[in-house]
Amino acid sequence: QVQLEESGGGSVQPGGSLRLSCAASGSITTIYAMGWYRQAPGKQRDLVATEHSSGSTAYTDSVKGRFTISTDKARNTVYLQMNSLRPEDTAVYYCNVVAATYLSSVAGYWGQGTQVTVSS
């Protein structure tokens, strides 16, 4: 199995910055992708950013130029640097990892979620 530990959420004023971290642990053999999703109250969970093992990245349009995803492969950790935060970025942010383990084939795993609140 894969365990994901998230950190870095909190409250910030509009225009501020936050950095989210998510460390994956367990019997991982291969990580194929790491990314972040978010879910605002009453809305579905949507992709924010993702990085494939090849290094390619993808972002939802609303965060392009403001958010940056990065990974530390040696530590199986993914980061999301969020700058110029807006009230509409308020949501619970979830880490997602697509990986294979010694006991299972490729599967997606979710973190517990971390709250990001942008408000004046």
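Helices (H or I, at least four residues) and strands (E, at least two residues) are taken as DSSP runs and numbered from the N terminus. The structure described here is a predicted model, in which local features need pLDDT of at least 70, side-chain atom pairs count only at pLDDT 80 or more, and totals for chains, interfaces and linings use all residues. Residues are numbered from 1 along each chain as its sequence is written, and side-chain values use heavy atoms, with hydrogens and water left out.

Four strands form an open sheet with antiparallel pairing, in the order β1-β3-β8-β7. The edge strands are β1 (residues 2-7) and β7, each of which pairs on one side only. On average, neighbouring strands of this sheet are turned by 15 degrees against each other, direction ignored; for this value, axes are lines fitted to C-alpha atoms (for helices over the stretch in contact), and angles run from 0 to 180 degrees between N-to-C directions. Two strands are said to pair if DSSP finds at least two bridges between them.

The pairings can be followed across the sheet from β1. Strands β1 and β3 run antiparallel and are joined by 6 bridges, and E5 has A23 in β3 as its bridge partner. Strand β3 (residues 18-26) is also joined to β8 by 6 bridges, again in the antiparallel sense. Here S21 stands opposite Y79 of β8. Strand β7, residues 67-72, pairs with β8 over 6 bridges, and this pairing is likewise antiparallel; T71 stands opposite V78 of β8. In a regular strand, side chains alternate between the two faces of the sheet.

Strand β8 spans residues 77-82 and is mostly covered, since 5 of its 6 residues are buried. Buried means under 20% relative accessible area, exposed means over 50%, and partly exposed lies in between (1.4 Å probe, protein chains only).

Most residues other than glycine have a negative phi, and most peptide bonds are trans. N76 counts as partly exposed because its relative accessible area is 24%.

P14 is found in the loop between β2 (residues 10-12) and β3. With a relative accessibility of 41%, P14 counts as partly exposed. P14 and N83 are 69 residues apart in sequence, and their C-alpha atoms are 9.5 Å apart in space. When neighbours within four places in sequence are left aside, P14 is in contact (heavy atoms within 4.5 Å) with L85, P87, V118, S119 and S120.

T114, by comparison, is found in strand β11, which covers residues 114-118. T114 is classed as buried because its relative accessibility is 12%. Apart from neighbours within four places in sequence, the residues in contact with T114 are E6, G9, L20, A91, V92 and Y93.
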